[in-house]
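Visitor: Could you take me through this model? I will ask as we go.

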Amino acid sequence: MARTPTASLTETLESLFSSPAFRERVKYVKRLPAREAVHRELSPPLLPGLSETLKKLGVGPLYSHQVEAIELARAGKSFVVVTGTASGKTLCYNIPVLESLLTAERANAFYIFPTKALAQDQLKALGRMAREDEVIGERLRSGTYDGDTAQHTRRKLRETANVILTNPDMLHQGILPYHTRWSRFFSDLKYVIIYEIHAYRGIFGSNVANVIRRLRRVCSHYGSDPQFVLCSATIRNPRELAQELTGLQMELISRDGSPRGPKLFVFWNPPFLDDARMERRSSIVEAKELLVELVKSGTQTIAFTKARVVAELIYRYASDDLAAHSAALKDSIRPYRAGYLPEERREIERQLFSGELMGVVSTNALELGIDVGGLDASVTIGFPGTIASTWQQAGRAGRGTREALSVLVAYNDPIDQYLMRHPEYFFRQSPENAVVAPDNPYILAGHLCAAAFELPIEPRDRALFGPLTEKITGLLEQEGNVKGIDEKWYWSRTDFPAASVNLRTISDDTYTIVDAKKDNKVIGTVDAISAPELVYPEAIYLHEGETYFTRKLDMEQKIAYVERSEVDYYTQPVLDTSLRVLGQGREKTWAGQKVVLGEADVTWATTAFKKIRFYTLESIGYKTLDLPFQHLETSSMWLIPSAEFLKAVRGGGKNPIEGLAGIRNMMINVIPLFSMCDRQDIGGIIDSSNTGTPTVFIYDRFHGGLGFAEKAYELIDEVLSACLSLVKECECREGCPSCVGLPILRPAQHQDPDVYHGWPIPSKETAMEMLSALLVERARQAPRGPASSS
Amino acid sequence: MKLSRKTKEALSNLMAASRALQKEEGVLADGKVSVEEYLPGGVQHGRSGQIYVHEKLRSEVEKNTARVVSLYRQAELSAFSSKLEGKARELEELGRIGFSRAVFLDIESTGLFNCPTFLVGIMFLSGDDFVIRQLFARDYSEEKCLVEAVSDLLGGFEAVITFNGKSYDLPFMADRAVYHGTRFSNHMFHFDLLHHSRRHWRGTLPNCRLQTLELYVCRRRRVGDIPGSEIPNVYHTYVRTGDPYLLVPVFHHNVLDLITMSELLAELMSMEGLVRRSRRASAGWRAEMAGMAG
């Protein structure tokens, strides 16, 4: 079998670690102990057909968390399962669903996945069970229902299927508004499965929570009250998130009964290149070498990069290296990332699962639960930005009780270097909270319109949509969107309201990448926001390591024309970001400083690109581009420090701009505490072009704004007090990612860090001094204390 | 979501206000304004409330009524002896059922799917005139009653005649019944004029829309008719403002559709030889088409 490593992982590691070169790089090794499997008897046991099928598929005795799930499901409870990667989470809902299909005459289930790819993956898993057992094969009528589903298939699924796999966007725009066609399905809806709920955080999560409210409302119209089974990767607050998303009391299953082999978690820092100790060896080259060594030793490895281009580069370099050994080895690795065609991705997943592939270089496209089985090793190149994400990538390594290896290769970035200096910080931190705010009035207004279109809003709907329901419905009536008649509010417009509510902050527009020399054959796709950063004119587009020259980017038709061209360089875009104030709203003086609430236009574009030679990484050209700017018009609040204050800081020998950067970073960290949003839902920038003086701008990363910056304006006192306690209480000495430093500061709405560079961690002392001075001044002005803000 | 500045400000105030909000009674405007002034008729009570019904005889609005009635009577007689083939046999069946037991139906709704229907016009032969009855929901809350009334009404007939009703009108009504949790029974013989029109005129006419057929086959041009695409907004505005004057052109549009449907049927029957070719419709459009072709 291709998967059996030629050497044991221990031997591989021993040989790696014995070389001085490797020892120099390894900054920290954490040994995570093995865990025994915990099994439990299920009583009453599974139906014979079902347990036979599982046996044929190679599923051994059930783990305790699976038994717990089946028991809760049988008892009619809703619950959330939080267990590790490859712990058999799928069975926690597939078994209950199949049990109900086999025992009840009519029992339907919705499976909701954050991506279409996941739905496809899970459909296959169900298909495998159906093939093993005639009765299951007969009873199970499943299919994916999403944007790719053909019209005639859609109709057939609506009329006959009992398991529908879909995504929240389709539910929102393609199913709920047409609920009368689904009356059969809704009437007998027994289960709603929501997979990977940690993906539903911030604005996206708040929208999804409202889609689920609408789903439950439609269900109750057809007389059903489905049970919800949710799954999540490790986050700090899974039960809370599950309850916010569904509006239901949820049980939590978090004791993982699956076995785990011992794991080594290695922190890897590329060495300095020079004696000045400024430049480090390229993380890409380091990671490539590590990958090549692991693959050569027969260790099946997945490497995670933060950017598409990096995935392609590492693949290209590694396959060249491996080719020097043997052609077979060269073909045993492949890149995998967003933008590949679905069939290519399915093929790679299959090869990975079967063991044909020994290595894959991936963007975080593989982070979300696609089942490729466990691998021997994972290599994370660059801190992915959250502790939760890092653990999730590391979770890909580990197969049953075999030993596994996870490596974090650092970038020469402040945050990555901080982690290398303080690895204990990483292991001590619990993963991030996932926050949703379904009652945000802006979000709610859109969904109440969509809801009114589906069924008139009635007073009892307050139980679902919360205490703002009547107020907002009243506003919508004044606007002429709904009309109240006898305590029911009807949609009274001809437009289709769901169409104007986008669930994701990322636009779901896509560009097609076509080969202009081959009859415009489609070779890939890219989302609309990233397109100008990936396939700008003259860009080298990398696909499976091959170089394509971009002839033309047609922004109207959303097509990039590329052609195969053998070149020895790749290109790197240069981005420019700026913020322009569009209008000023309220304004106040706080602690002698001006605070303003208004509207701003955040813009960014690829303004130039660099040509970089493969391997040597020398820059061999630079060219400016004239691409249109992308816009984010949103609400913003800004703090304009007075000239005297800045002067005083400078007089103390400190750089006020660095202090402001620290304050901005902390504000982004603490505003979520006050306005119920995710850290990634807000952005910040220090700019002096609008006000003539360095100013801290905080804005909502959503078109039109969602009230986060507004809340920060209202509660400026509380927000800055919280920043001060945060920085004072932080145990670090010179500033760390938990206080003044913040890893993600992307201007764009999306979170695909194709063009990523970190920022220095600003001075902790300066930020702390500036905040203290401000709050002292504030206390002097308002002796009643800082809590009495407007 | 596009919202007015005013509403955005109000939302912003809500954001600023604390979470505990007092429940305030929504302002309910009384949507039920009298339609009678412009469209005489009365209220019909049903299982789920009320609707408004406007009724008239076709001869009150159209001069040709007697001619069409006589053609229909002729078809009823010849249906028993003719031997049509294929799809045309549906015409025979219609004739055998008889036009007092067949009903023309045309609905007006606020969109193409999952949105309210508010006006259902039906027309049937009674003695030597056609009865035109328009059932109307004065606001969204009366729609359930409207659906039930139409369902009951159809139960009194044996055949229904529509234009594109197999794909649109009847599935739409059935959908609305599902929406309201009520039943819409319809197992009767359904004659869809669109399918027959396509058989005869596809390729010879620019398209087979009702108004195109009306122009070339019935040789009639509508003057001052409200475009179908504007109807949904008129109804929403009516519900908001209660101004019944707005409705007059919508009701008229619905009547015109019914009349055109009956004329199309007469033409189809004459083309299949079920009735004597009427002078008016015979050479007319063919000559015109020939002229266009030349």
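Visitor: What is the handedness of the crossing of helix 9 and helix 11 of chain A?
Guide: The crossing is left-handed, that is, the near helix is turned anticlockwise from the far one by less than a right angle. Helices here are DSSP runs of H or I with at least four residues, strands are E runs of at least two, and both are numbered from the N terminus. The model is a predicted one, in which local features need pLDDT of at least 70, side-chain atom pairs count only at pLDDT 80 or more, and totals for chains, interfaces and linings use all residues. Residues are numbered from 1 along each chain as its sequence is written, while chains are lettered from A and ligands numbered from 1 in the order in which they are written.

Visitor: At what angle do the axes of those two helices cross?
Guide: Helix 9 (residues 168-175) and helix 11 (residues 202-221) of chain A cross at roughly 50 degrees, with axes that come within 10 Å. Axes are lines fitted to C-alpha atoms, for helices over the stretch in contact, and angles run from 0 to 180 degrees between N-to-C directions. Helix 9 of chain A is therefore oblique to helix 11 of chain A; under 35 degrees counts as roughly parallel, over 145 as roughly antiparallel, 65 to 115 as roughly perpendicular and the rest as oblique.

Visitor: Which residues make the contact?
Guide: Pro168(A), Leu171(A) and His172(A) of helix 9 of chain A meet Val208(A), Val211(A) and Leu215(A) of helix 11 of chain A. A contact requires C-beta atoms, placed from the backbone, to lie within 7 Å. These residues divide into five nonpolar, one polar and no charged (Ala, Val, Leu, Ile, Met, Phe, Trp, Tyr, Cys and Pro count as nonpolar, Asp, Glu, Lys and Arg as charged, and the others, Gly among them, as polar).

Visitor: Is helix 17 of chain A covered or exposed?
Guide: Helix 17 (residues 387-394) of chain A is mostly covered, with eight of its eight residues buried. Buried means 20 or more other C-beta atoms within 10 Å of a residue's own, exposed 12 or fewer, and partly exposed in between. Trp391(A) is among the buried residues. They pack against several elements of chain A, including strand 9 (263-268) and helix 19 (423-428).

Visitor: And why does Arg260(A) count as buried?
Guide: Arg260(A) counts as buried because it has 23 C-beta neighbours inside 10 Å. Arg260(A) sits in the loop between strand 8 (251-253) and strand 9 of chain A. Leaving out residues up to four places away in sequence, Arg260(A) touches Ala34(A), Arg35(A) and Gly398(A). Gly398(A) is 138 residues from Arg260(A) in sequence, yet their C-alpha atoms are 7.1 Å apart.

Visitor: Turning to chain B, what is the strand order of the sheet?
Guide: Seven strands of chain B form an open sheet in the order 1-2-5-4-3-6-7, with mixed pairing; strands pair if DSSP finds at least two bridges between them. Strand 1 (41-46) and strand 7 (189-192) of chain B are the edge strands. Strand 1 of chain B runs antiparallel to strand 2 (residues 49-57) of chain B, joined by six bridges.

Visitor: How many residues does each chain give to the contact between chain B and chain A?
Guide: Chain B gives 34 residues and chain A gives 33. Helix 1 of chain B provides the largest share of its side, seven residues. The side of chain B divides into 16 nonpolar, eleven polar and seven charged residues.

Technical notes. Contact = placed C-beta atoms within 7 Å.
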